[in-house]
Amino acid sequence: MIIIQVREQVKVIFLDAGGVLFDTPIKGEDRIRNLLTGRGYQLEVINEAIKLAKHGTKASFITTWCEEENYYKSFYGTIAREIGEESLTQELLYLTHYAVHCELFQEVIDVLEELSKKYRLAVISNAMPSMDWVFDKLGIRKYFYTMILSAFVKESKPDEAIYEIALDQAQALRQESIFIDDKMENIEGSERVGIKGLHLERDKKNLFELLRDEQLL
């Protein structure tokens, strides 16, 4: 059951990462297409290689960078072999991997600066291990008390367990907490454990506007 917070009672704000704090301007398969068409490969051949790689590369619950690297070497290796140039595996890995391309949304630094003066901040994200490095790459780790990544806790949104882990790691009370995510199913997951959820729809408003409208800034 959700307790409706008076805003002065909110002490902890949990935020999703991708889609809330940052994103990749060019999505994953398009990054692959851009690199390979630039090398002269036909789009039809590239698309077929991507299709085969997606079908043939199975991921269990990845919890370490070594496991992630092996997964992507298999994925990109399939693409490289299908287009007839296996030596491109490493280039695809290092130039098209998600973590390399993440960019902060324009308002995020100012928002984090202001939020961190008033609230304890934490992250709850469904992510592979390399997501941890993105916070260093973008210079925003300093704003967060803790980061709960599915890869490391072996639980994922919207299952209730990850929110319980987050409350424990952030030393937070659910009635004093808010969770912000861009996916409604994850908001519903947080509210099942008693954490008030705010749904960020970036086609309607950005993070600053959402927080302002909710009187959290």
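Local features need pLDDT of at least 70 and side-chain atom pairs pLDDT 80 or more, whereas totals for chains, interfaces and linings use all residues of the predicted model. Residues are numbered from 1 along each chain as its sequence is written, and side-chain values use heavy atoms, with hydrogens and water left out.

Glu-107 is located in the loop between β3 (103–104) and α6 (108–118). Helices (H or I, at least four residues) and strands (E, at least two) are DSSP runs numbered from the N terminus. The relative accessible area of Glu-107 is 13%, and this residue is therefore buried (under 20% relative accessible area, with exposed over 50% and partly exposed in between; 1.4 Å probe, protein chains only). When residues up to four places away in sequence are not counted, Glu-107 touches Arg-202, Asn-206, Leu-207 and Phe-208, contact meaning heavy atoms within 4.5 Å.

The chain contains 11 helices and seven strands. Of its 217 residues, 47% are buried. Among contacts between residues at least 6 apart in sequence, 66% join residues at least 24 apart. The C-alpha atoms fill a box of roughly 60 × 30 × 25 Å along the principal axes.

In helix α1 (residues 28–38), the buried residues are Arg-31, Ile-32, Arg-33, Leu-35 and Leu-36. These residues pack against α2, α3 (65–83), α4 (89–96) and α5 (98–101). Gly-40, which follows α1, has a positive phi near 100 degrees.

The axes of α1 and α2 (residues 43–56) come within 10 Å and cross at roughly 140 degrees; axes are lines fitted to C-alpha atoms, for helices over the stretch in contact, and angles run from 0 to 180 degrees between N-to-C directions. The two helices are therefore oblique (angles under 35 degrees count as roughly parallel, over 145 as roughly antiparallel, 65 to 115 as roughly perpendicular and the rest as oblique). Glu-29, Ile-32, Arg-33, Leu-36 and Thr-37 of α1 make the contact with Leu-43, Ile-46, Asn-47, Ile-50 and Lys-54 of α2.
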